[in-house]
Amino acid sequence: MELACAARTALDAAGCFGCVIRLLTGNAEPFVDGPSGFRKRVGRALREHCILSLPDRAAVIFRDHVLCVSGMDYPTDFTVLATGSAAPDLLRGSGLRLDARGYAHIRQTLQTQGHPEVFAAGDCATLVDHPLPRSGVYAAHQGPVLAHNLVAALASRPFRHYTPQRRALYLLRTSKHNAIASWGRFSWSGRWMWHWKDEIDRRFIRRMHG
């Protein structure tokens, strides 16, 4: 959705008014598992930006049109493919214990079940006792625990345990100076949310680039 909103902002800035933007969600609505207040704000933002949210999936993408699973065929000048997370194919047939979607089962030490010598984290794994939404927030916090435990395994030292936070902050940019925030069952939107997201993103980039 954030890409669709960014496209609308860019098109309007370029004077390309009236362009049709279709968002194929694959579900009845974007963020179908999110809190109701957050979903309402998302729906309002889509309507304000004249973005058509369609509960359909692309089956075949051609240069100038997209054929959907439903049989609908949409003409297009430009297509952006933004897929969600998926378990890597290399896990299949690996002998590791996997969940129904193909993610490796891990304990809080980030060791895989049945194969403690193999560690996994982030988007290739599922915590057995704490199933989590697919979010970079959780993956980023697993990183330091994984680094510590890999060294600890080589040095025969005690492992650290990863304990996920009870809820995570989600910030979704919807326009040049507006964003939606979600924290647990609460949600907010406005210009100061955009400033908050902008500062967090810039701080992350500065940290990654030294």
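1. Let me start with Ser 182, which sits in strand β11, the run covering residues 178-183. Please keep in mind that this is a predicted model. With a relative accessibility of 4%, Ser 182 counts as buried, because the cut-off for that class is under 20%. Setting aside neighbours within four places in sequence, Ser 182 is in contact with Pro 35, Phe 38, Ala 168, Leu 169, Tyr 170 and Ser 187.

2. Next, the nonpolar cores. The largest has 14 residues, and Ile 106, Leu 110, Ala 120 and Tyr 162 are those with the most contacts inside it. At least two residues of this core come from each of β6 (104-106), β9 (125-127) and α3 (136-155). There is also a second, separate core of 12 residues, with Ile 21, Val 42, Ala 45 and Ile 180 among them.

3. Ile 106 is worth a look on screen. Leaving out neighbours within four places in sequence, Ile 106 is in contact with Gln 111, Thr 112, Ala 120, Ala 125, Thr 126, Leu 127 and Val 128.

4. On the cysteines, the structure holds 0 disulfides. Cys 5 is in none, and the nearest cysteine sulfur, that of Cys 50, is 11 Å away. Cys 5 counts as buried, at 1% relative accessibility.

5. Cys 19 is partly exposed, with a relative accessible area of 32%.

Methods:
Residues are numbered from 1 along each chain as its sequence is written. This is a predicted model: local features need pLDDT of at least 70, side-chain atom pairs count only at pLDDT 80 or more; totals for chains, interfaces and linings use all residues. Side-chain values use heavy atoms; hydrogens and water are left out. A nonpolar core is a set of buried Ala, Val, Leu, Ile, Met, Phe, Trp, Tyr and Cys residues joined through side-chain atoms within 4.5 Å. Buried means under 20% relative accessible area, exposed over 50%, partly exposed in between (1.4 Å probe, protein chains only). Helices (H or I, at least four residues) and strands (E, at least two) are DSSP runs, numbered from the N terminus. Contact means heavy atoms within 4.5 Å. A disulfide is a pair of cysteine sulfur atoms within 2.5 Å.
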